[in-house]
Amino acid sequence: MVMKLGKMLLDRKLITPQQLKLALKEQQKTGELLGTAVVKLGYLKEEEILPLLSEQLNIPFVKLQDTAIDPAAVKKLPAKFAWHYKIIPVKYADGRLTIATFEPLRSLSDVKMFLGYEVTPVLAAESEIIKAIEKYYGVGAETIERIIAKAPKEAIEEEAALEKVEDIEKLAGDASVVKLVNQIILEANQKRATDIHIESFRGKMNLRYRIDGLLYEANVPEDMVRLFPAIISRIKIMSKLNIVERRLPQDGRTVVKIGKDEFDLRISIIPTRYGEGVVVRILPTKMLFSLEKLGLGPEDLGILKTLITKPHGIIFVTGPTGSGKTTTLYACLNTVRSTKNKIITIEDPIEYELEGITQIQVMPEIGLTFAQALRSVLRHDPDIMMVGEVRDFETAELAIRIALTGHLIFSTVHTNDAAGGATRLLDIGIEPFLATSSVRAFIAQRLVRVICPQCKEKDEALDKEVKEQIMKETKASAIEFYRGKGCPGCNLTGYIGRTAIYEILVVTKAIKELMLERASADKIRQEAIKQGMKTLRLSGWKKVLEGVTTPDEVMRVTQVEEE
């Protein structure tokens, strides 16, 4: 039968005789099927060889992503069997279980003996089977089954504190709480999540991943709630927190290795009614920050490059939490970084490490606030500074006065738009003459999700009013709209990754006059638009015209502009 498959591959000229010879040699060495060896050696893809195996073995071939899997069938097979044999139940009827597998000759007899009833196989790709197991059994289901089966509660809690994680991909094999936590982190990384949320409620626990700015609930086995205290303890051990303290909030961090990459995990733990809530932020320890990759249009990119090359002044980036302000600031610092400049940042927390830049972490509990750090930094002979956030009058006044003495400063302030940044400074007590003398620009930004390139298609069903609004505001005559249909590559969301939209309010002579008059944010905004400022909404519409994002995304993150 093995040679029959080999003959089929040769007859259809899918592989060469030399490749078949090497595949047979690999098969003898590993004991795996010939088809598996051919795929492993990279001669063919899974989806190319499975139809041939289907023909050879007379077993139907199915695409699991297009197949409805019966949850009742999934319950017939324990998770440990599904993971061990890489199989997933598809349907159960009349005492017969239909199982998807990619190696039917190995798994079916053992499964039939264990279950005690008839099993019908169908062929499916290994990658699709693994995704289906994760989806229907939940994160770490097999590990949870083994932990609960072999150990009492006391042993589970002790095991959570066993070892320090260095390379979490290498910690496999035995069922343990350590492995379970690693599986949660690995899945988050595979799904491109930036945050992991672990929450406890009455009789259950939730696991959610923040992907491209939105939270998605992960399927978890019901029994995982029994391991909730042990999971929390394990995370505390990883981040060197007090595992006994459960009444007060705690913050910690740790570094883990996944493959060749290292990630900085920021852990926040808060007490809740039914235990403790955990949020783990996942940050790469090394990132390449480039102004060109932020999402700025050519005109705005030119404006920003001009602003950051000024010898002194202050540039404020505004926007809500999670709008990408820090990334923009880091890209600016990376652009102006050189051996001729002394650059110091004051942050809370330090998000990423930048080589050649002195970074300071504020610690209010010992008196090291933004304002105190700013006073000390001045004696350290800086040329350029970045202040993580202007939160109060003292910090704002210090930053502005330092900018007036010949320093270039970058900072952030929480406002809805660029014009709001100008009025916020005046609201917290800064004199208008100080603000107008030092501030170069206010840059507002938001993040919009990018349409998945794998399932991108024309959107023929877009609302007529939205079309007319976009055409009116952009003055475009003909527009093609796109959306993501949803595919496994984007977790059926239609989006993959994010890009930024911007509005840059340059403090010109006219804007300075309005600030001196303490004009409202609306008046400042209207004047900036007259001078050519592109609003957040217009910047978003341009991304829609380019086929980068959808109108729904732009409307989600921007406010309707008042006349």
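Which residues line the largest cavity? I found V181, I184, I185, I196, I198, I231, I235, M238, L265, I267 and V280. Before going on, I note that this is a predicted model, where local features need pLDDT of at least 70 and side-chain atom pairs pLDDT 80 or more, while totals for chains, interfaces and linings use all residues. Residues are numbered from 1 along each chain as its sequence is written, and side-chain values use heavy atoms, with hydrogens and water left out.

**Entry 1: the cavity.** I looked up the cavities of 30 Å³ or more and got two. My cavity is a set of points on a 1 Å grid over the protein atoms alone where a 1.4 Å probe fits but cannot get out, and lining residues have an atom within 4 Å of a point. Points are joined across faces, edges and corners, and the volume is the space filled by probe spheres set on them. By class, the lining has 11 nonpolar, no polar and no charged residues (Ala, Val, Leu, Ile, Met, Phe, Trp, Tyr, Cys and Pro count as nonpolar, Asp, Glu, Lys and Arg as charged, the others, Gly among them, as polar). At least two lining residues come from each of α11, β4 (195–201), α12 and β8 (261–272); these are DSSP runs numbered from the N terminus, helices being H or I of at least four residues and strands E of at least two.

**Entry 2: the helix pair.** I then checked α11 (residues 177–190) against α12 (residues 228–238): their axes come within 10 Å and cross at roughly 80°. Axes are lines fitted to C-alpha atoms, for helices over the stretch in contact, and angles run from 0 to 180 degrees between N-to-C directions. The two helices are therefore roughly perpendicular to each other (65 to 115 degrees). V177, V178, L180, V181 and I185 in α11 meet A230, I231, R234, I235 and M238 in α12, with contact meaning heavy atoms within 4.5 Å.

**Entry 3: the sheets.** I traced an open sheet of seven strands in the order β12-β11-β13-β14-β10-β15-β18, with mixed pairing (strands pair if DSSP finds at least two bridges between them). Inside it, β10 (residues 313–318) and β14 (residues 408–413) pair in the parallel sense over six bridges, and F316 has S411 as its bridge partner in β14. I also found an open sheet of three strands, β1-β2-β3, with mixed pairing. Helix α8 (residues 126–137) lies across β1 and β2, at about 70° to β1.

Terms used. Parallel < 35°, antiparallel > 145°, perpendicular 65-115°, else oblique. 1 Å grid on protein atoms, 1.4 Å probe; cavity = no way out; pocket = protein on both sides within 12 Å on 5 of 7 lines; lining within 4 Å.
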